[in-house]
Amino acid sequence: MEATLLPNPKDTNATILLMGLRRGGKSSICKVVFHNMQPLDTLYLESTSKPTTEQFSSLIDLSVMELPGQLNYFEPNYDSERLFSSIGALVYVIDSQDEYLNALTNLSMIIEFAYKVNPKINIEVLIHKIDGLSEDYRIDAQRDIMQRTGDELLDLGLEGVQVSFYLTSIFDHSIYEAFSRIVQKLIPELPSLENMLDNLVQHSSIDKVFLFDVNSKIYVATDSSPVDIQTYEVCAEFIDITIDLDDLYVENEESNRKQDSESVKELKSISHLSSGSILYLKQMIRGLALVAIIRNDDIRNSVNNNNNINSDFNDSNGEELLSSSSSNQDKSLTIIDYNVNLFKQSLMRMWENSRMVNQNDFSENSQQGEPQIYNVESNGAGTALFKDNNSHVPPMHN
Amino acid sequence: MSHSSRKKLLLMGRSGSGKSSMRSIIFSNYSAFDTRRLGATIDVEHSHLRFLGNMTLNLWDCGGQDVFMDNYFTNQKDHIFKMVQVLIHVFDVESKSINKDIEIFIKALTNLQKYSPGAKIFVLLHKMDLVQIDKREELFTIMMEKLQKISNPYQFKLIGFPTSIWDESLYKAWSQIVCSLIPNMNLFNNNLLKLNSILDSEEIILFEKTTFLVISSTASIQQQETTNEELDPKRFEKISNIIKTYKQSISKLRTNFNNLIIRGSGGSHFYIDILTDNMFIMIVLKDKSQLDSNNIQQHEELLILENIRAARKWFEKIENSGSNLQ
């Protein structure tokens, strides 16, 4: 029991338990998020009869365990106590298109039991299948469910329990968003990760950066600016596009040979958009990829400028300006590359440290790893900041 | 001034066979899913599409309901069937009344022979996704043989494609249809080979900008050498599909893309960049030097982009010369 109190990622917090009444959409969620199944194909899924486990390894190793809805957890021969004591998050799926009163009673019973066994457990409620509800009704349903759950818990004398609610559907990105947040809560290094990303954002003129798990499109971390669902979608789809294109030209035999002889090269992809922004993707460690949207202030400035000049003078002047700004862009890309490489190194070190936590006495070491990484990152980014500023100086005059 | 060349394309087939769906996907950036919103086409819907800048495709999407069809073959027949360059006839493979489909096809052929005997005819056997995978090829050959036999008396040579909006087969078919209309293909091909010999690349592919249909590729020119058999034979259409998805994806940010550079995991690098106002180019390079320094990579990147810029002039010239020929 003591282990649950300590930030040990391997043994205790790394399991997500997926529960809910039958036909609530648990298996569909698993298939869509972890197996890239098309949402429409989930119609043909059979009802789940046995607990199933999905392994999911990103920065930490996670497993998602799905319990069938018809299982009775409170049967004496079912070892629920052991089950609940070893998990980090309890995800309860409620079908919002169905009568949900039964589900809410079931939920509060489970919460009561789980909280007693393991007070550190994160309780997450997915108000699922909202694609079938109208915009207004979604909010109403959410308010109603939150209200009722709160009342039930109050009756059971569980006032302090934190329950998070998410509106989800497998037909859009909301389910990924919800899972991202759920997974993030289980990563002990999250604050330092976010710190590192914030640092990167500040010094590299990045608008938004995500650290994605490539297979599931869950983001493990992002910088502290608010997440716009459309930006998330674009970034997630950019991963797919990069990988799809890359796969077309991988010849089977050769790739096998390569894997034997040398490590596979890291995937990297850059796309200039006509708005002046740049989409940037770079492969990180352990199936993670960093995707960023880089804004380009100087490009936009100079285009404006260009227009002004065109009206006053002739074309050639404007062209010169454009080419100078594009070389500026190349420079800032180089700096971003450098910064991202630093980030990757720190990430690697962080991961090694988090493994050490498991082997040694965890309570102390988990504290040690972070400041060290933070130093490295802030040093590196500091020098980069200096260079970056330099390259931005000329356009700033305009 | 260079007057643009107009090409008249007739899109025919019975009601519900999927004509408007495929048109929307190829030319209006719909996703396959979006086509559910489309209603029935009333009479003829004309769309004028600029293709490769100086070529205008006048696509006549002919609504397939019987009322309209009867009209096409009686009152409007000279209006509809005159000056046709290409007839694209769409058959629904799951159709319940094949005889009726064929009857209309024959009527179209009869009129076409009378009013524009030089037209090319493409037959699309559509909704192939509904047929079991292992039976598709067999079905396709049987149907094509039958249709060719029907059209023999009219002296038309059919070119057929199995298509579906749910995979990349649609792009393959339309790519070939449109390429058959480009007058100076040889010039494009020759210059593409020249560029390839300079860049020493794995493969270069030219795409039209708005539709992302394949115009030309080094692999298709050098067919006899069979450079790379291991590569996916459907890759061009897949690329078209992927890039279209990408375009749709970033349209959420209300923007378009200028280029896309991928340094792949298997040692191949991809460059997709604007070649001319009407074309995108895709260059695939294999990593030859074992040097992996960041600096060299960056230089190589700039070199390729500069080469693309230099090639731009040549290809623009070809495009313009094409319009003068006409």
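# Domains and salt bridges in a predicted model

Visitor: Among contacts in chain A between residues at least 6 apart in sequence, what share joins residues at least 24 apart?
Guide: The share is 71%, where contact means heavy atoms within 4.5 Å. This is a predicted model, in which local features need pLDDT of at least 70 and side-chain atom pairs count only at pLDDT 80 or more, while totals for chains, interfaces and linings use all residues. Residues are numbered from 1 along each chain as its sequence is written, chains are lettered from A and ligands numbered from 1 in the order in which they are written, and side-chain values use heavy atoms, with hydrogens and water left out.

Visitor: How many helices and strands are there in chain A?
Guide: Chain A has eleven helices and eleven strands; these are DSSP runs, helices being H or I of at least four residues and strands E of at least two, numbered from the N terminus. Of its 398 residues, 52% count as buried. Buried means under 20% relative accessible area, exposed over 50%, and partly exposed in between, with a 1.4 Å probe and protein chains only.

Visitor: Which domains is chain A divided into?
Guide: Domain 1 covers 14-184 and domain 2 covers 190-327, with bounds from an automatic or database domain assignment. Their contact takes 17 residues from domain 1 of chain A and 18 from domain 2 of chain A.

Visitor: How much area do domain 1 and domain 2 of chain A bury between them?
Guide: About 1500 Å², with 59% of it on carbon and sulfur atoms. Buried area here is the accessible area (1.4 Å probe) that two parts lose on being put together, summed over both.

Visitor: And how many salt bridges between domain 1 and domain 2 of chain A?
Guide: The count is zero. A salt bridge is a side-chain nitrogen of Lys or Arg within 4 Å of a carboxyl oxygen of Asp or Glu.

Visitor: Which elements of domain 1 of chain A supply at least two residues of the side that touches domain 2 of chain A?
Guide: Helix H1 (26-35), strand S2 (52-57) and helix H5 (174-184) of chain A each do. The largest share, seven residues, comes from H5(A).

Visitor: Back to salt bridges. How many over all chains?
Guide: A search of the whole structure finds 18. One of them joins Glu124(A) and Lys185(A), with the closest N and O atoms 3.3 Å apart. Glu124(A) is in strand S5 (residues 122-128) of chain A and Lys185(A) in the loop between H5 and helix H6 (190-203), so the pair ties together parts 61 residues apart in sequence.

Visitor: Is Glu124(A) buried or exposed?
Guide: Glu124(A) is buried, at 0% relative accessible area, whereas Lys185(A) is partly exposed at 41%.

Visitor: Where do Glu177(A) and Arg181(A) lie?
Guide: Both are in helix H5 of chain A, four residues apart, about one turn of the helix. Glu177(A) is buried at 14% and Arg181(A) partly exposed at 37%.

Visitor: Chain B now. What does Asp61(B) form a salt bridge with?
Guide: Its partner is Arg23(B), with the closest N and O atoms 3.4 Å apart. Asp61(B) lies in strand S3 (residues 55-62) of chain B and Arg23(B) in helix H1 (residues 19-28) of chain B, so the pair ties together parts 38 residues apart in sequence. Asp61(B) is buried at 0%, and Arg23(B) is buried at 13%.
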